[in-house]
Amino acid sequence: MSEAALERQIRPIYDALDHGSNKSAINACNKVLKKYPNNTLVKALKALALTRSQKVEEALVLCDEILAVVVTDDSTLSVMTHVLKGLARNSDMVAMFDNAFKQQPQSEELGAQTFFAHVRTGNWKSCQQVATRMHKQFQEDRYVYWAVTGAILQANDLGTPPNIRTLLYKLAHRHVTSCPTPSYMAVDRFHLHLIILQELQLWDEANTLLESDIGKSICSASLVCNETRREIWRKRGLYRDEGERAQEKIKNNDRNWLEFVSVIDATFAPVQGPDVSEEGKSECSENIAKTRDFLTEIAEVDGSKNRSASLALLELEKNAFSHGLSSDESTLVDSMKNYFSRFGDKACCFEDLRPCVDLGADAKSRWISFLASQESSFVTTGDLQRVINVRKLQRISLTASELSTDKESNLASTYIGEYMAGLELGASLPVTELQPADDLAILVGHAFVSLWTMTKDESYLYNAAVVLEFALTKSRMSFQIRLLLVRIYRLLGASSLALDHYRAINIKQVQNDTLSHFLLTRASTFSLSATGDLTYPSECIESSQIYVSNSQDTPDFIIRAFTSEKYSQIPEFVSFDDKLENSLQRDVVKLEHVRMRMTHEPINSDLIDMELIELKFVFDRFHHDNRDFGMLPNYQPACQLSLNDQTLMFGSSTGQGWLWYFIKIYIRAFQHASDLDDIVEEKLLIGDRPKKSPEPEVQLPLRERLAIRKPEEAAELTADELELMEWATAVSDWLEPYHDYTRPPPAVVLAEANKQNELRTGLPLRGVDLKALNGDINANGHAKKDEEAPPVKEPPQLVAQFFEHMHARFVQLQQSQSLPSDLLHVATLTQEAFLLFAVESHRFKTASVVKIHKLGALVQSLKDIRSKACTVLKTMSNDLLKIGEVAGSAERRKSFVESCKPITDFPKLHHDFVLNIAKNIGESRKKVLEGVGKGMVKICTNYGQ
């Protein structure tokens with residue numbers, strides 16, 4: 001067949017794939033394959049269409065046929081790359097390109113594609129080897145630096161031993177020095193050379209490079225090279241030389257903050273280290289005086305145009321006092337006063353001064369008096385910003401003795417009054433702009449949250465919500481106000497309002513990883529999945545899309561960086577990819593989704609097996625905590641918890657310990673309910689296993705790891721969650737012998753999987769040897785075993801009485817008039833325990849299993865526990881429905897309005913506005929309380945028998 005004829009026949013396939021018409025693409029491929037059954041490109045295109053149609057088994061058969069021969073044409077390789085990526089078979093993709101390159105070693109393009117295939121899998125050792133081979137073959141200098149980068153990335157991998165790390169850097173150094181073209185011919189090559197010299201501490205060679213004319217030229221033009229140079233000089237102890245160089249640059253109008261840091265480091269160099277002599281202190285005191293004069297002169301020249309020198313003066317005085325070289329804080333206070341006088345009308349002033357406000361009694365008194373002497377003016381935005389900075393600085397300086405409900409109430413009124421006055425300055429701003437007075441509204445929120453923390457009176461949270469909602473009518477783009485409202489509404493149990501504000505922030509891309517914890521931490525508490533409302537599960541899926549796009553896009557960015565020789569960017573891309581791929585928040589959201597999914601979907605073998613495999617993958621990861629808690633501003637006094645800690649639902653966040661505890665009980669429950677063991681899982685797994693963490697604990701057998709309990713991990717759980725953990729462990733210990741005894745052997749499980757696959761696709765299960773299985777397969781997989789069944793034991797007391805105990809806890813919270821979120825927490829944990837019990841007892845639902853293994857007594861015990869659990873859940877459900885009815889009543893709205901009297905004295909916060917907020921909060925509470933209550937009844941109906 002001519003190339004043109006083939007092109008004409010293949011073009012419709014490409015068009016169908018481009019338009020997402022996978023069925024048409026498959027039909028077109030079948031037509032071509034009837035004439036040309038051995039065409040690998042058409043087979044690859046069909047495999048791609050099948051993969052996109054979720055017909056994985058059929059796609060796997062085609063992939064195996066294609067991979068059985070050595071493919072070398074670019075078109076087929078390109079299509080197979082997409083297919084294998086979609087099937088998560090990265091190792092096969094690497095092998096495919098390796099074989100192609102071995103077949104055509106003269107093809108530079110195939111060599112590069114082989115290198116990039118290893119880049120996609122993060123196999124840096126193979127990258128270094130392939131790049132070295134390519135340099136020998138094609139004598140291209142850039143391949144030397146590809147090999148160098150591969151060696152460095154391999155050395156930086158967590159699993160690389162320290163001695164191997166040093167050897168790899170030495171190998172990289174040999175590559176660079178043996179390259180015919182000097183490293184200084186390109187900035188990124190030069191930077192790579194410097195990193196290697198820094199790691200190997202080859203200071204003389206580094207000095208030769210840096211002191212050369214071309215080295216100085218590169219460092220003056222490249223920030224990344226200059227930063228590496230600065231680190232090298234510091235490690236060599238050349239603080240004074242670096243300081244002198246930095247002073248010259250500052251005199252020449254360079255206002256890079258790192259230059260000022262170098263000056264300050266040089267000033268205090270004589271007192272660095274554990275043993276400081278009197279001579280060192282004396283020398284340092286002289287340095288301080290000189291540096292103070294130098295920085296003061298620069299600050300006077302810059303005035304209010306640039307704050308670098310003034311900020312450096314603050315840093316100088318603070319360090320002088322902390323090193324004991326200044327016994328009086330008056331100089332620091334004077335610097336703070338001067339800084340505030342000069343930059344008090346800038347928003348950055350507060351953050352700049354915040355590290356310095358931890359003063360002694362006398363100095364603090366002087367500082368507070370200075371702040372009190374500042375005039376409150378609202379003529380210009382600069383005046384308003386000065387007032388805001390004064391209020392923030394005064395607030396964080398409050399002591400425990402000064403804090404009281406009256407004090408905080410007065411401060412809240414002050415903040416509201418000043419906020420209303422400041423609004424006049426932003427009256428003409430478009431709705432897309434932030435109001436200059438927004439921070440005063442946030443301070444109001446701080447004051448009311450502080451009052452709630454002190455008194456536990458939820459009316460203060462109502463006041464905070466009303467003021468912040470009003471602020472949003474003037475500044476709807478303020479994400480800080482919305483984040484604070486998300487926290488407050490979650491505390492109040494108004495989850496739909498929290499979701500609305502979170503969505504209004506319009507979070508994009510990687511922010512889903514850093515900020516989704518504001519909404520999705522313990523989101524199952526508010527989930528209405530049991531009633532069919534999939535809002536929160538959908539939010540979990542949507543926030544997790546960043547991880548899918550990261551796994552697809554970031555390797556492409558790394559490849560582009562190699563292609564364009566931007567070596568300084570590659571470690572950053574690799575680190576970014578690693579932090580997202582192993583994100584703690586990713587797996588916390590995953591677990592929350594599992595908890596919600598179980599309330600909505602039938603608990604069957606498909607759900608159990610899929611979640612078991614995925615949670616085991618999660619359990620093998622080394623996690624990075626990328627969550628950003630700093631996005632929520634904190635102006636609370638130093639003697640209090642931060643605003644973030646005060647507004648955390650149940651007083652704790654879900655960190656690594658929380659995740660580990662919950663994953664352990666879910667893995668163990670799913671293990672018991674599943675017929676999968678390691679042998680079966682290995683046979684049925686389609687893609688590659690994710691990379692395991694190198695931590696020693698991860699190398700232990702899974703059974704041992706699941707039994708580990710650490711106090712620091714338990715500290716992240718609430719008391720009610722800890723009780724659930726203890727109950728789930730007791731249930732698993734009780735039922736484990738019966739699960740192990742009744743579980744069918746791997747051969748039976750694989751035979752059944754093969755049978756189901758043939759019914760579904762007409763094809764046998766790949767990788768399963770039926771002949772080997774034939775002699776070990778029983779008719780139904782549940783035949784009697786030779787050994788005796790374990791004796792049936794009564795359930796432990798903890799297991800039998802758990803649900804009554806949780807009901808007593810629920811009643812206690814009701815009587816103490818706790819927040820709805822606390823009630824929902826206990827109710828949903830009780831519901832979760834019931835669902836875990838349904839998973840643990842799933843195997844014993846089959847009558848044949850019970851009859852053959854004589855487990856009638858065990859099943860009766862399970863029924864008794866299930867009956868008690870249903871009774872408790874239905875009682876809780878009735879209580880939640882009643883509470884929800886009250887929450888949405890007119891009487892509760894009236895009470896809400898009355899509790900907001902402290903703020904309704906301000907005309908703009910009128911009765912109708914407050915009543916509307918009360919109505920929204922009441923309806924939101926009613927929706928979640930009734931939804932959870934009805935869902936509990938539905939779950940009892942589904943699993944109560």
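This is a predicted model: local features need pLDDT of at least 70, side-chain atom pairs count only at pLDDT 80 or more; totals for chains, interfaces and linings use all residues.
**Entry 1: cysteines**

I then looked up the total for the structure and found zero disulfides. Cys127 accordingly takes part in no disulfide, and its nearest cysteine sulfur, in Cys179, is 19 Å away. Cys127 is buried as well, with a relative accessible area of 0%.

**Entry 2: helix α31**

Next I examined helix α31, which covers residues 545-563. Its 19 residues reach 27 Å from the first C-alpha to the last, close to the 27 Å expected at 1.5 Å a residue. I found a bend of about 35° at Ser551, and the proline Pro555 follows within four residues. I listed the buried residues of α31, among them Ile546, Tyr547, Pro555, Ile558 and Phe562. Just after the helix, Glu565 has a positive phi of about 60°.

**Entry 3: helix α40**

I turned to helix α40, residues 719-742. With 24 residues at 1.5 Å a residue it should span 34 Å, and the 35 Å between its end C-alpha atoms agrees with this. Here I noted a kink of about 45° at Leu735, shortly before the proline Pro737.

Is Val449 buried or exposed? I found it buried, because its relative accessible area is 0% and the limit for buried is under 20%. Val449 belongs to helix α24, residues 438-455. Leaving aside residues up to four places away in sequence, I recorded that Val449 touches Leu461, Ile488, Gln636, Leu643, Gln646 and Thr647. Of these contacts I looked up Leu643: it is 194 residues from Val449 in sequence, yet the two C-alpha atoms are 7.8 Å apart in space.

**Entry 4: aromatic rings**

I counted 24 aromatic pairs in the structure. One of them joins Trp257 and Phe260, which are stacked at 6.1 Å centre to centre with 20° between the planes. Both residues are in helix α16, residues 257-267, and because they are three residues apart, about one helical turn separates them. Trp257 is partly exposed at 32% relative accessible area, whereas Phe260 is buried at 0%.

I then looked up Phe350 and Tyr635, an edge-to-face pair with 5.4 Å between centres and 80° between planes. Phe350 lies in helix α20 and Tyr635 in the loop between α34 and α35, so this pair ties together parts that are 285 residues apart in sequence. Phe350 counts as buried at 1% relative accessibility, and Tyr635 counts as buried at 5%.

I also noted a cluster in which ring pairs link Phe115, Phe116, Phe138, Tyr143, Trp146 and Phe562.

**Entry 5: charges over rings**

Finally, I looked up arginines placed over aromatic rings. The charged end of Arg705 sits over the ring of Phe619, at 3.9 Å from the ring centre. The charged end of Arg709 sits over the ring of Tyr661, with 5.4 Å to the centre.

Methods. Residues are numbered from 1 along each chain as its sequence is written. Side-chain values use heavy atoms; hydrogens and water are left out. Helices (H or I, at least four residues) and strands (E, at least two) are DSSP runs, numbered from the N terminus. The expected span of a helix is 1.5 Å times one less than its number of residues. The bend at a residue is the angle between axes fitted to the seven residues ending there and the seven starting there. Buried means under 20% relative accessible area, exposed over 50%, partly exposed in between (1.4 Å probe, protein chains only). Contact means heavy atoms within 4.5 Å. Rings of Phe, Tyr and Trp (its six-membered ring) pair if their centres lie within 6.5 Å; planes under 30 degrees apart count as stacked, over 60 as edge-to-face and the rest as tilted. A charge sits over a ring if NZ of Lys or CZ of Arg is within 6 Å of the ring centre and within 35 degrees of the ring normal. A disulfide is a pair of cysteine sulfur atoms within 2.5 Å.
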